[in-house]
Amino acid sequence: MERNLKPSSLVLFIMRSKRDFDTLILEGGSLRCAFTAGVLDTFAVVGYNRFKRYYAVSAGTMALTSFLSGQRKHFIDVASHVVEDGQFIRFSSAFREEGLMNLAHLFDHVRRNRPLDIEAAAFATRAKDVRMVTTNHATGEPMYLRPNTRDWLRIMWASATLPMVTRGKIRVHDQWMFDGGISDALPLQAALDRGSRRILVIRTRPSGQHIDKGWIDTLATYWYRDNPAIVKLYTHGHISYNDAVDRLATGGEGRLKWEEIAPLEPLRSDGFRITAGQLLQDYHHGMAQALDWLASPSPRSRALRG
């Protein structure tokens, strides 16, 4: 008689079929990272975390931290609260110190009501390499910072601090920094340079989707006209991003392999008028995409079957 596959057997199958990814990269995207949180919370449920290296950009740093600390649903709960309380996104504050998105309010809410367990995240990665991507405000160069328990939250804040949208810059290690997504939104090459060979990238845009230079980019080139390095980032950043998107679509180069988990269509949380319901839709979409990826055979398994 045929035996039913028990849940524990399913988990073991998933762990075996997907065990050879050594690096996890999380694209940023502000509240679009609700999708990322759905993917990571699904990984947490099945116990899938074989990665040795982690690269997180912008809001992806917060999703990664809650994953590493074991605080499932932290990101979606916090994000849902702040978009509903009317204090996080305020068009009337666009040209004030905190900007259109008030990160200080978000982090204050986290500190008071849903504190992240940084000690647990640091302990879980004591033998691993965690990198949060920021941009050096003076040079425009990407910085791949390794957080510790003392500066973890501040680096998170810096990585998500977007000029023209949030506070603009944060001081870390005696240097002014801002959003890592401006200088290296998809740090594939940075991971390869540190020895990564099998990489999983969690996207917040559909696979293969290009971006154009936006109005914020144009405004920033004027706003930072005295800083040629930043002007260059905003002038050519969309080109660099699109090149990285095309490279990801190849699936690898020789013995270097990578895969993407990406939304099937543009996320509902992409923009500045967002509801908690839209965030939840994107979160559940991330869960569904993660389950599909986990259930699919690995490329190696497909090759052996063929």
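**Rings, charges and a helix**

Author: The charged end of Arg 198 sits over the ring of Phe 21, 4.5 Å from its centre. This is a predicted model, in which local features need pLDDT of at least 70, side-chain atom pairs count only at pLDDT 80 or more, and totals for chains, interfaces and linings use all residues. Residues are numbered from 1 along each chain as its sequence is written, and side-chain values use heavy atoms, with hydrogens and water left out.

Reader: What makes a charge sit over a ring?

Author: NZ of Lys or CZ of Arg must be within 6 Å of the ring centre and within 35 degrees of the ring normal. Arg 126 likewise lies over the face of Phe 123, at 3.9 Å from the ring centre.

Reader: Why is Phe 21 called buried?

Author: Buried means under 20% relative accessible area, exposed over 50%, and partly exposed in between (1.4 Å probe, protein chains only). Phe 21 has a relative accessible area of 1%, and is therefore buried. Trp 293, at 7% relative accessibility, also counts as buried.

Reader: Why is the aromatic pair of Phe 21 and Trp 293 called edge-to-face?

Author: Rings of Phe, Tyr and Trp (its six-membered ring) pair if their centres lie within 6.5 Å; planes under 30 degrees apart count as stacked, over 60 as edge-to-face and the rest as tilted. For Phe 21 and Trp 293 the values are 5.5 Å centre to centre and 65 degrees between the planes, hence edge-to-face.

Reader: What makes H2 largely enclosed by the rest of the structure?

Author: Of the 14 residues of H2, 12 are buried, so the helix is largely enclosed.

How values were computed. Helices (H or I, at least four residues) and strands (E, at least two) are DSSP runs, numbered from the N terminus.
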